[in-house]
Amino acid sequence: MRRVSLILIAMACVAAAPAASRWTPKQAACPLKQAPAGLSAEVVKPMLPGAAEDAEISDQAAEQLANLALTCAKQTKVGKARLDAYIEMATWQLTSAGLAPEVSARGIDPATLGAIMNVGAGRANPSFETLSDADVTRMMVALKAKGVNVDALDTDAWHVAGAWLEATSRAYRAGMPGK
């Protein structure tokens, strides 16, 4: 991928250890349920094709995201020791939610892509920081079999699909509902 938002870079660097215990259903669901309209789209704006190479999440969106995570943590009684992991989960959830419509807009159904690449609730959710040639080939063959004209997809479509795969996989590994 040619560009990755600061959120993805920060989260990849942190790569928090798995949570000591699973999130409660309320804890896991809170960030997506309470996110202000448009926040997930703002979170991913810097990573979308056409954004400046040095684009960053806006201060307003970063503040909204932090406030959302802290509010949910307080409401659902997330302990201080687990707060960083909770913020990570919320960030990946909103990143995944913001990228899903972008993937769809480029002619790829996120649910189909998730099934092909073993991403989503109850799946393996592997890392996609770098897609191997075998991963890309498997993905293209499977998408083609599902009726997607993979030859018509441009670099931007693959960039967004790869970013969605990584964000969604990380969201589920961090405890997004349904895992």
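These exercises walk through a predicted model of one protein chain.

**Exercise 1. The chain as a whole**

Task: State how many helices and strands the chain has, and how much of the chain is buried.

Solution. 
- Step 1. Count the elements. The chain holds 8 helices and 0 strands.
- Step 2. Read them in order. From the N terminus, the pattern is α-α-α-α-α-α-α-α.
- Step 3. Look at burial. Of the 179 residues in the chain, 43% are buried.
- Step 4. Look at the contacts. Take those with a separation of 6 or more: 76% of them join residues 24 or more positions apart.

**Exercise 2. Glutamine 93**

Task: Find where glutamine 93 sits, decide whether it is buried or exposed, and list what it touches.

Solution. 
- Step 1. Locate the residue. Glutamine 93 belongs to helix 5, which covers residues 83–105.
- Step 2. Check its accessibility. The relative accessible area of glutamine 93 is 0%. Buried means under 20%, so glutamine 93 is buried.
- Step 3. Find a partner for the polar side chain. A polar atom of the glutamine 93 side chain lies 2.8 Å from the backbone oxygen of alanine 28.
- Step 4. List the contacts, leaving out residues up to four places away in sequence. Glutamine 93 touches Ala28, Pro31, Leu32, Ala171, Met176 and Pro177.

**Exercise 3. Helix 5 against helix 8**

Task: Describe how helix 5 and helix 8 cross, and name residues that meet.

Solution. 
- Step 1. Two packed helices are described by the angle between their axes and the distance between the axes.
- Step 2. Read both. The axes of helix 5 and helix 8 come within 8 Å and cross at roughly 150°.
- Step 3. Helix 5 passes helix 8 in a left-handed crossing.
- Step 4. Name the residues. The helix 5 side includes Gln93, Thr95 and Ala100. The helix 8 side includes Trp164 and Ala171.

**Exercise 4. The buried face of helix 6**

Task: Name the buried residues of helix 6 and say where they lie around its axis.

Solution. 
- Step 1. List them. Helix 6 spans residues 110–117, and its buried residues are Pro110, Leu113, Gly114, Ile116 and Met117.
- Step 2. Look down the axis. The buried residues of helix 6 fall within an arc of 165°, so they line one face of the helix.
- Step 3. Recall the helix geometry. An α-helix has 3.6 residues a turn, so residues three or four places apart point the same way.
- Step 4. Find the packing partners. The buried residues of helix 6 pack against helix 5, helix 7 (133–145) and helix 8 (155–173).

**Exercise 5. Helix 6 against helix 7**

Task: Classify the packing of helix 6 and helix 7, and give its handedness.

Solution. 
- Step 1. Read the geometry. Helix 6 and helix 7 pack at an angle of about 130°, with axes 10 Å apart.
- Step 2. Classify the angle. Helix 6 is therefore oblique to helix 7.
- Step 3. Name the contact residues. Helix 6 uses Thr112, Leu113, Ile116 and Met117. Helix 7 uses Asp135, Arg138, Met139, Ala142 and Leu143.
- Step 4. Helix 6 passes helix 7 in a right-handed crossing.

**Exercise 6. Two asparagines with positive phi**

Task: Locate asparagine 118 and asparagine 125, then give the phi and accessibility of each.

Solution. 
- Step 1. Recall the background. Most residues other than glycine have a negative phi.
- Step 2. Take asparagine 118, in the loop between helix 6 and helix 7. Its phi is positive, about 65°, although asparagine 118 is not a glycine. Its relative accessibility is 35%, so asparagine 118 counts as partly exposed.
- Step 3. Take asparagine 125, in the loop between helix 6 and helix 7. The phi of asparagine 125 is positive, near 50°. Its relative accessibility is 1%, so asparagine 125 counts as buried.

Note on methods: Residues numbered from 1 in each chain as written. Predicted model: local features only at pLDDT ≥ 70, side-chain atom pairs only at ≥ 80, totals over all residues. Heavy atoms only, no water. Helix = DSSP H or I, 4+ residues; strand = E, 2+ residues; numbered from the N terminus. Buried < 20%, exposed > 50% of the residue type's maximum accessible area, 1.4 Å probe, protein only. Polar contact = N/O pair within 3.5 Å; in protein donor to acceptor, adjacent residues only side chain to side chain. Contact = heavy atoms within 4.5 Å. Arc of directions from axis to C-beta. Axes fitted to C-alpha atoms, helices over the stretch in contact; angles between N-to-C directions. Parallel < 35°, antiparallel > 145°, perpendicular 65-115°, else oblique. Left-handed = near helix turned anticlockwise from the far one by under 90°.
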